[in-house]
Structure formats: structure tokens, C-alpha cells
Amino acid sequence: MRRKSGVRRHAARRGLSLLGGFDGRPARGPAGAGHLLGEGRLVSLDVTGLRAAHDITPVLHGVDLHLAGGEAIGLVGRNGVGKTSFANTLTGLLRTTGGRIDFLGEDITGLSATKRGRRGIAYIGQDSAVFPTLTVLENLMVGISTWRRSEAEQKALAVVDELFPALRQRLTHAGFELSGGQRRLVELARVMLRRPKLLVLDEPTEGVQPSFVQDLLDRLIQLKHDSGLSVIVIEHRLDFVAALADTVSVMVKGQIVTTVPADQLLTDDELHRRYLAV
Ligand SMILES: Nc1ncnc2c1ncn2[C@@H]1O[C@H](COP(=O)(O)OP(=O)(O)OP(=O)(O)O)[C@@H](O)[C@H]1O
């Protein structure tokens, strides 16, 4: 018990923003609620006219985005168009100044980041959120809500066994000993402990060695298929986006200007020239 609160204190000292409980309980929220998209698919996320600002500078100018349960959307665009700001606004880290976010049929626009986390929205940002001086196992146990260390350990180990066997050999390694790819796996395992319904990934290949990118991609595709997870992936590597996403939305100056099937991302020269080429 003392050890666990030490882990929590460590987390607080590092000032990392940890959404939700990481407690292994199913996220709350009316899983069956919501209306239907075309082809009878249940809407998971419905963003309409979303606006946000950094202080007094507007950054999102009315973003519309609709995501069905189990679907993955890629969000692409040139540097500085507002992709990360969108992720932050969706997850509650940046204040909404207009528009609305419905998740699983409920308006979550006014909810805090923590409450959105509890509803099942998980976020892995660009910077690593792995604590360097904690072991992999301790990193996974951060935030698991139980007083019994053995119970927290059990939950963490269950997720490793079920979804991340590659981490089995690393459980006693400290965060700083891990490669960029291994750190990503720890972050993923930690959010999967909360059984999220929507995973927002901002530049998941950042800091990951090229030889591990395919492994990471395979893992994400498997998680999406096996757990029915919806995914929003922001990523500059278009081949990665095309492989993971079903559709791709293109952002320009704080708005989504077009949404296309993911395959088109690699073949549509005009799309590339107009919206993506630097
Ligand atoms: N904390 C901040 N304070 C003030 N302005 C910010 C802040 N973060 C981002 N911005 C500005 O908001 C705009 C959108 O930035 P954002 O990071 O959302 O874009 P992006 O599309 O994710 O870019 P990149 O692809 O380079 O990550 C940019 O002009 C950026 O300079």
C-alpha cells in the first residue's frame, strides 16, 4: 500500500497529465446510446462546429468530425494547422470556445479531461508519458485505483499477458532504459488498462525507431480489431495513417476541408499538392 501511494506521489511530482483512472474498470458511459451514421453504424463521436483558442488567439474555427464505433480516422495537415489543438480540445486539455462534442450520445463539451477519460476517451500525446525512474510494471500501475498493490499488479500483468506480451521481458526495466518504441507500448498498455472506447494518438511514431514502426502499427491495428476501439490518429507519416485509418480528414487553418478513404491518401497527387506538400 505504501509503495502504491509512492508511485502516485511520483506521478504528481512529475506533473504529468494522466487522464482518468487507469483502474482497469470499464469506462463509464451509455455504450448503447447515440444515433446512427449511414449503413447503420453507431456514432461514437460527433463533433460539430468545434472552436478553441490559445489565450485570445483562435485556433479551431468550426471543426466537424463524425466517427463510428470501431472506426479509425486519420487527421493530417501541414504543420501548425491545429491538429494537436484539436486533440487537446477533444480530450478536454484545451478549453472549447464554441461548438459541441457528443460522445456515445451524450454531450461532453463541458466535462473536464478527467471526466472525459472516465467516459472512455484516452489520449497519448507527442511527448512520452513514461516515468523514467519507475519500472515498466510500476508505470503500468500508476493510477490503478486499488489500495492493494497485489491487485494493481494483477491487473497490470493481465493486460501485458493479453495484449502486450513483448513487455513481459521488460517488466523490471526502468523507463529510461526503454527504447522509444518500448515506451510507446508502455503508454498503450497503460491506457488499455482503462478499456477506452476512443483512443486519440498524436504522432505515435515520434521518437520510435524505424525498425519498430511496423510493430507498433500491427499492434494498433490488432487493438482496433480485437477491442472495437475507435481511433483518431494524427501523424505525419502518411503510410502509417493509410494503413491504420479507414478514412482521413484533412485540416487546413483550424478546419477540416475534406475527408477521403484512407487509400486515397497515398495515391491522390492533387490532395497531396493542395493540402499536404510543404
Ligand atoms: N500553447 C500554445 N500557445 C499558443 N499558441 C499555440 C500553442 N500551441 C499551439 N499554438 C499555435 O496554434 C497553432 C496550431 O498549433 P498545433 O500544434 O495545434 O498545430 P499542428 O497542426 O498540430 O502542428 P504540428 O503538425 O506541427 O504538430 C499554431 O499556430 C501554433 O503556433
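**View 1. Residues surrounding the ligand in the predicted model.** In this predicted model, in which local features need pLDDT of at least 70, side-chain atom pairs count only at pLDDT 80 or more, and totals for chains, interfaces and linings use all residues, the ligand is surrounded by His-54, Val-59, Gly-77, Asn-79, Gly-80, Val-81, Gly-82, Lys-83, Thr-84 and Ser-85, a residue being near a molecule if its C-beta atom, placed from the backbone, lies within 6 Å of it. Residues are numbered from 1 along each chain as its sequence is written. Helix H2 (residues 83-91) provides the largest share of this shell, 3 residues, where helices (H or I, at least four residues) and strands (E, at least two) are DSSP runs numbered from the N terminus. By class, the shell around the ligand holds 2 nonpolar, 7 polar and 1 charged residues; Ala, Val, Leu, Ile, Met, Phe, Trp, Tyr, Cys and Pro count as nonpolar, Asp, Glu, Lys and Arg as charged, and the others, Gly among them, as polar.

View 2. The buried residues of H5 are Ala-152, Ala-156, Val-159 and Val-160, a residue being buried if 20 or more other C-beta atoms lie within 10 Å of its own, exposed if 12 or fewer, and partly exposed in between, with C-beta atoms placed from the backbone. Seen down the axis of H5, these buried residues fall within an arc of 100°, so they line one face of the helix, the arc being that of the directions from the helix axis to the C-beta atoms. On the other side of H5, Ser-150, Ala-158, Asp-161 and Glu-162 are exposed.

**View 3. The largest nonpolar core and the contacts of Ala-189.** The largest nonpolar core has 69 residues, and those with the most contacts inside it are Ala-189, Val-200 and Val-233; such a core is a set of buried Ala, Val, Leu, Ile, Met, Phe, Trp, Tyr and Cys residues joined through C-beta atoms within 7 Å. Helix H6 (residues 180-192) supplies the largest share of this core, 6 residues. Leaving aside neighbours within four places in sequence, Ala-189 is in contact (C-beta atoms, placed from the backbone, within 7 Å) with Leu-140, Val-159, Val-160, Leu-163, Phe-164 and Leu-167.

**View 4. Surroundings of Pro-204.** Pro-204 is found in the loop between strand S7 (198-202) and helix H7 (210-227), and counts as buried because it has 25 C-beta neighbours inside 10 Å. Pro-204 and Ile-234, 30 residues apart in sequence, are 7.8 Å apart in space, C-alpha to C-alpha.

Definitions and conventions. Two residues are in contact if their C-beta atoms, placed from the backbone, lie within 7 Å.
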